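The sequence and structure are shown first.

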Amino acid sequence: MVALTIRRVTPQDLDAVRRVLVETWHATYDAVLGAERVAEITGSWHSLGNLAAQVDRPGEVFLLAQTDGAVVATASVVPASDGVRLGRLYVLPVFQGQGIGRALMAEALRLAGDPGRVSLEVEPANRTAIRFYEAAGFRIVDRSGACGAPGSGVEALVMERRRGAG
């Protein structure tokens, strides 16, 4: 694995975090959702205003990973009714497969208090992410037609992991 620094996101990091999200979303989802729809989603979900609101939100863990001073990944964990939800885990494509996502997820969950149940949503065509999560002990438990936000129209598989798995 590359030399890595994982830390909480600060307001000064938001432009770099947004760049990671936009680049990763386009690389991952343009072929599935279309570049125009991906630009619309990233413009809304990953706007600087939305990201800024997450920096100090109570109960939320919002992290980034850096290598050689550059932000290469981001993750967020938010409270859920019976555990936490991994709201985001994105690693720039050129850095995938190097253990960054695994390390970032582990640190985010540790800071969230090592919850007993972790859930997440993943686009069904994102086979790379599904394999990653399955290797980390997650299993598919449901489907959703509103990934990310009510009425989004973005399909998702709901995955979960309970304490002791992965």
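Valine 17, with its neighbours within four places in sequence left aside, is in contact (heavy atoms within 4.5 Å) with Val9, Leu51, Phe62, Leu64, Val71 and Thr74. The model is predicted, so local features require pLDDT of at least 70 and side-chain atom pairs pLDDT 80 or more, whereas totals for chains, interfaces and linings use all residues. Residues are numbered from 1 along each chain as its sequence is written, and side-chain values use heavy atoms, with hydrogens and water left out.

**Nonpolar core**

Val17 also belongs to the largest nonpolar core, which has 44 residues; Val17, Leu86, Met105, Val122, Tyr133 and Phe138 touch the most other members. Such a core is a set of buried Ala, Val, Leu, Ile, Met, Phe, Trp, Tyr and Cys residues joined through side-chain atoms within 4.5 Å. Buried means under 20% relative accessible area, exposed means over 50%, and partly exposed lies in between, with a 1.4 Å probe and protein chains only. Helix α1 (residues 14–33) supplies the largest share of this core, seven residues. Helices (H or I, at least four residues) and strands (E, at least two) are DSSP runs, numbered from the N terminus.

In helix α2 (residues 35–45) the buried residues are Val38, Ile41, Thr42 and Trp45. They lie on the same side of α2, because the arc they cover around the axis is only 95°; the arc is that of the directions from the helix axis to the C-beta atoms. The cover over these buried residues of α2 includes α1 and α3.

Helix α3 (residues 48–55) buries Leu51, Gln54 and Val55. Their arc around the axis is only 110°, which places them on the same side of α3. Among the elements that cover the buried residues of α3 are α1, β2 (61–67) and β4 (83–91).

Serine 76 belongs to strand β3 (residues 70–80) and is buried, with a relative accessible area of 4%. Apart from neighbours within four places in sequence, serine 76 has contacts with Glu60, Val61, Phe62, Arg85, Leu86, Gly87 and Arg88. Serine 76 and valine 17 are 59 residues apart in sequence, and their C-alpha atoms are 11 Å apart in space.

The loop between β2 and β3 contains aspartate 68, which is exposed at 81% relative accessibility. Most residues other than glycine have a negative phi. Aspartate 68, however, has a positive phi, near 50°.

**Aromatic pairs**

The structure holds five aromatic pairs. Rings of Phe, Tyr and Trp (its six-membered ring) pair if their centres lie within 6.5 Å; planes under 30 degrees apart count as stacked, over 60 as edge-to-face and the rest as tilted. Two of the pairs involve tyrosine 133 and are listed here.

| Pair | Centre to centre | Angle between planes | Class |
|---|---|---|---|
| Phe132 and Tyr133 | 5.2 Å | 75° | edge-to-face |
| Tyr133 and Phe138 | 5.6 Å | 70° | edge-to-face |

Tyrosine 133 is buried, with a relative accessible area of 7%, and phenylalanine 138 is buried at 3%. Phenylalanine 132 is partly exposed, at 25%. Elsewhere, one aromatic cluster is formed by Trp25, Tyr29, Trp45 and Tyr90.

**Largest pocket**

Which residues lie nearest the centre of the largest pocket? They are Gly87, Arg88, Leu89, Tyr90 and Tyr133, out of a lining of 41 residues. The pocket holds about 960 Å³ of space. A pocket is defined on a 1 Å grid over the protein atoms alone, as an open set of points where a 1.4 Å probe fits, with protein on both sides within 12 Å along at least five of seven lines; lining residues have an atom within 4 Å of a point. Grid points are joined across faces, edges and corners, and the volume is the space filled by probe spheres set on the points. At least two lining residues come from each of α1, β3, β4, α4 (100–111), β5 (117–122) and α5 (127–135). The greatest contribution to the lining is that of β4, with seven residues.
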